[in-house]
Amino acid sequence: MSLDKLKLSKPLVAAMTDAGFLTPKEIQARTMSRILGGQDVIAVGPEGSGKTTTYVLATLMKLKYAFEEAPRALILVPDAEHVDHVLEQFKLLNRNNTFRILGIDSRGAVDTQMNEITDGVDIIVAVPDRARALYLKLALNTNKIQLFIVDNAELIVKKGLQLPVVELANSAYKSQHVVFTEVMHEKLNHMISPFMKDSTTTIEVDEIGEKQAEVYQQMLYQVPNFRTKLNLLTLLLNDAEVFDKVVVFVNTRLTAQTVYKNFNQYKEGEISIYRSLFFDDKGYDDIEDFKDNPEARVLIVANENLGELNIEGIPFILHFELPEQKETLIQRIVKHGDEDVVAITFSTDIELIEVKKIEQAIGQKLEVMELPEDLKVVDAAAKPKKKKGAEEDETSERGAAFHEKKASNLKNYNYSAGTKAKMTYKNKKGLS
């Protein structure tokens, strides 16, 4: 497909060609006409799929004339680094400086930024909290904004910046709203639902790169919060026959301590910590000692200052938390020889972005597992205070919300995650 299919102006086609973009990306081909047509759009795609270039082109196309008093496009991004990246894209494609573009973040003084806006600007690229501060000081006029864009929306949610986004979006009530994100989840839906129109179109581009290496069997459990993770971990590891040797990875030694204390009904020595934070806790300083002890079944390991760890020979690798660097997880799941290993990952909505990066890196998707029917799902929403002596309503801890599954993730069987792990493991061992 040629760039002409995007129906861009000749100067923009020339700018794209000069920048080395000879054909449109899939996300550009599928969203550009809708954005130019004035429709509210949610575009979901992985890093590198062309999301930034898409809305830069759309913005330059929709603002057909320049130099008005108030800004006509507001683009919200998570941090200063993203502000710089978007400004570079505009510099690349905004030939002859047709539009006045301003970047706003915490690195600049508020008074200076107020003066820059007052002097006149067409497009503002800003972090949400600073843009809101300028709006409250009456420096940022949102009345003439035609295009309101939220980029890297999943990172904005992760940083807890939902309130300024919603407030600014509602103030620009006449504008068209466009959201770009790598993943969709319940918390993100909660942020954008107050201002996205009912006619909003969601377009998802799921580009997975070429398979880079053979990895162990992957299972992914999507859960709403940390407490539900603990419940799921306990439920799975109750099956000592299957999960006879497990390494559970967490991010910090303090979290390892929390997970360890959650197992308070197991016999002594069955659950232990690798290089425990406290000297009086049961644990190991050498993983080989854990492997050699038949009574030791579960070892909780913190990624914090870990270094290399030889987990060869352990049949279950469980990531209770996603490490900060995806390479940390990937090197553990790359297949070596003919080992029979099941790699299990727990992920909350906020961690789904890390899951996507891992999938891109290994060139395949993690298999999403159904939650066991007997799992206690903790509702993280605030609960009303109960009168002293009142009985606890156990049902109040159930019913956490999940986003609707894609058709490709829907299952037509009713096996629980633990059951499938057991079946897989037993089949490999010839125990069935």
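Which helix holds Asp292?

## An acidic surface patch

Asp292 sits in helix α12, which covers residues 287-292. The model is predicted. Asp292 has a relative accessible area of 61%. The cut-off for exposed is over 50%, so Asp292 counts as exposed.

Asp292 also belongs to a patch of negative charge on the surface.

## Aromatic pairs

The whole structure contains seven aromatic pairs. One of them joins Phe148 and Phe195. Their ring centres lie 6.0 Å apart, with 65 degrees between the planes. The geometry is edge-to-face.

Phe148 lies in strand β5 (residues 147-150). Phe195 lies in the loop between α9 (186-192) and β7 (201-204). The two parts are 47 residues apart in sequence, so the pair ties them together. Phe148 and Phe195 are buried.

## Tyr221 and Phe346

Tyr221 and Phe346 also make a pair. Their ring centres are 5.3 Å apart and their planes meet at 85 degrees, so this pair is edge-to-face. Tyr221 is in strand β8 (residues 217-222). Phe346 is in strand β14 (residues 342-347).

How values were computed:
Residues numbered from 1 in each chain as written. Predicted model: local features only at pLDDT ≥ 70, side-chain atom pairs only at ≥ 80, totals over all residues. Heavy atoms only, no water. Patch = residues over 30% accessible without salt bridge, like charges linked within 9 Å, V, L, I, M, F, W, Y side chains within 5 Å. Areas by Shrake-Rupley, 256 points an atom, 1.4 Å probe, with all protein chains shown as cover. Salt bridge = Lys/Arg side-chain N within 4 Å of Asp/Glu carboxyl O. Lys, Arg positive; Asp, Glu negative; His and termini not counted. Charge placed at Lys NZ, Arg CZ, Asp CG, Glu CD. Helix = DSSP H or I, 4+ residues; strand = E, 2+ residues; numbered from the N terminus. Buried < 20%, exposed > 50% of the residue type's maximum accessible area, 1.4 Å probe, protein only. Phe/Tyr/Trp six-rings, centres within 6.5 Å; stacked < 30°, edge-to-face > 60°.
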